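User: I would like to learn how to read a protein model feature by feature. Please take me through one.
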Amino acid sequence: MKKQFSIPLVNAHTHAAMVYFRGLAEDLPLKQWLEQYIWPMEAKHVNSQFVYEQTKLAVQEMKNNWIKSLLDMYFFEDEVAQACEEEKIYAFVWESLLDFPTPNAKTPIEWIAYTQKLLEKYKNSEYIKVCVAPHSIYATSQNILLESKQLAKDYNTIYHIHLSESQNEFDECIAKHNKTPVKYMYDLGLLDSKTLLAHCVRLTDQDIDILAETGASIAHCPLSNLKLGSGIIPLKKLIEKWVNVCLGTDGAASSNRLDIREAGKFCALVQKGINLDSSFLTAKQVVEMMSINGMKALDLKYIDGKSITDIQKMIDEEQNFNYLYELNVWDLDFN
Ligand SMILES: [Zn+2]
């Protein structure tokens, strides 16, 4: 099948340079995958040159899969920005912050200074937008969550974090704070329309009401959630409450391919299956999740001169979206 995508696709959550770790840690739960494999491998290999070279490869792969904009959360984001500018792809770059030393920052203070430097350096860039990204509530202290939100507010930029990605994270948060991850973020004042949450697999009905009330968006990464055995997002309830949900591939270490169409296909099929409802989540809705919902979440006004309204019109004029279901995940020459 040959399908030229005229609709610009947005990959709303990835870690581009992790293409290097593709296939190196498979069939593991999230905690073990991160703590025993990914973080030690990153400590060993990741430096600025590594990030630049691997990001170039990842961006070329994404461009081959019709992705026009990406959100990258990793380390040495100055090099990520440089690679993305050279490739002329709209990139939201986020230097990841953890409570332990990262390959690029020994302390949270160093991280804040680095992020601030990037915010200044790229404030007039056509392709690069710098955002603020603490890694997660389990790997970042409460003080840093609050300080980094203030930084995002000062620069009127997006605040991004992994949240409620697994049952384990959910249970730990309840045990430690006596509240769900979403409620914990809400009570700290961290949720608003400039907050983008990656995953949100494990949500209560009250969490969904909070997300609807605050206008926070979700970057749903179905392949990564399935492969790490993290669970399935309650998408039907989220859509019923008008929560903005877009799609991400996550890094190639957890989802193996940087193809947002594949994430979309799996998202549609899994949701139809678990809801016992073939009419739920049409292919058209999934294409909207892959494009305009990502633009809304990232506050991205234009891609290649096309606004959200222009792209919505293009989607409305498409005759059918069967290509989503016909996508052959083995066909690397799909383009
Ligand atoms: Zn991630």
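**The nonpolar core**

Analyst: In the largest nonpolar core, which has 100 residues, Val80 and Ala91 touch the most other members. Strand β3 (residues 90-97) gives the largest share of this core, six residues. This is a predicted model: local features need pLDDT of at least 70, side-chain atom pairs count only at pLDDT 80 or more, and totals for chains, interfaces and linings use all residues. Residues are numbered from 1 along each chain as its sequence is written.

User: What is a nonpolar core here?

Analyst: In soluble globular proteins, nonpolar side chains tend to be buried together. A nonpolar core is a set of buried Ala, Val, Leu, Ile, Met, Phe, Trp, Tyr and Cys residues joined through C-beta atoms within 7 Å. Buried means 20 or more other C-beta atoms within 10 Å of a residue's own; exposed means 12 or fewer; partly exposed is in between; C-beta atoms are placed from the backbone.

User: Which residues is Val80 in contact with, leaving aside its neighbours within four places in sequence?

Analyst: Val80 is in contact with Ala16, Val51, Thr55, Asp72, Tyr74 and Val93, once neighbours within four places in sequence are left aside. Two residues are in contact if their C-beta atoms, placed from the backbone, lie within 7 Å.

User: Now the whole chain. How many helices and strands does the chain have?

Analyst: The chain has 16 helices and 10 strands. Both are DSSP runs, numbered from the N terminus: helices are H or I with at least four residues, strands are E with at least two. The radius of gyration is 18 Å, close to the 20 Å of the globule rule for 335 residues, so the chain is as compact as a globular protein of that length. That radius is taken over C-alpha atoms, and the rule is 2.2 Å times the number of residues to the power 0.38. Along the principal axes, the C-alpha atoms fill a box of roughly 50 × 45 × 40 Å. Of the 335 residues, 50% count as buried. Take contacts between residues at least 6 apart in sequence: 73% of them join residues at least 24 apart.

User: How do I read a helix pair?

Analyst: Two packed helices are described by the angle between their axes and the distance between the axes. Here helix α2 (residues 48-64) and helix α3 (residues 77-87) pack at about 35 degrees, with axes 8 Å apart. Axes are lines fitted to C-alpha atoms, for helices over the stretch in contact; angles run from 0 to 180 degrees between N-to-C directions. The crossing of α2 and α3 is right-handed. A crossing is right-handed if the near helix is turned clockwise from the far one by less than a right angle, and left-handed if anticlockwise.

User: Which residues of α2 and α3 meet?

Analyst: From α2 come Ser48, Val51, Tyr52, Thr55, Lys56, Val59 and Lys63; from α3 come Glu79, Val80, Gln82, Ala83, Cys84 and Glu87. The contact divides into six nonpolar, three polar and four charged residues. Ala, Val, Leu, Ile, Met, Phe, Trp, Tyr, Cys and Pro count as nonpolar, Asp, Glu, Lys and Arg as charged, and the others, Gly among them, as polar.

User: Why is helix α13 described as largely enclosed?

Analyst: Six of the eight residues of α13 (residues 283-290) are buried, so the rest of the structure largely encloses this helix. They are Gln285, Val286, Val287, Glu288, Met289 and Met290. These buried residues pack against β1 (9-14), β8 (245-247), α12 (260-274), α14 (292-298), α15 (308-317) and α16 (323-326).

User: What should I look for in backbone angles?

Analyst: Most residues other than glycine have a negative phi. Asn156 has a positive phi, near 50 degrees. Asn156 sits in the loop between α5 (142-154) and β5 (159-163), and counts as exposed with 8 C-beta neighbours inside 10 Å. Asp299 has a positive phi too, about 55 degrees. Asp299 lies in the loop between α14 and β9 (302-303), and is partly exposed, with 16 other C-beta atoms within 10 Å.

User: Is Ser69 buried or exposed?

Analyst: Ser69 is buried, with 24 other C-beta atoms within 10 Å. Ser69 lies in strand β2 (residues 67-74). Beyond neighbours within four places in sequence, the contacts of Ser69 include Pro8, Val10, Ile89 and Tyr90.
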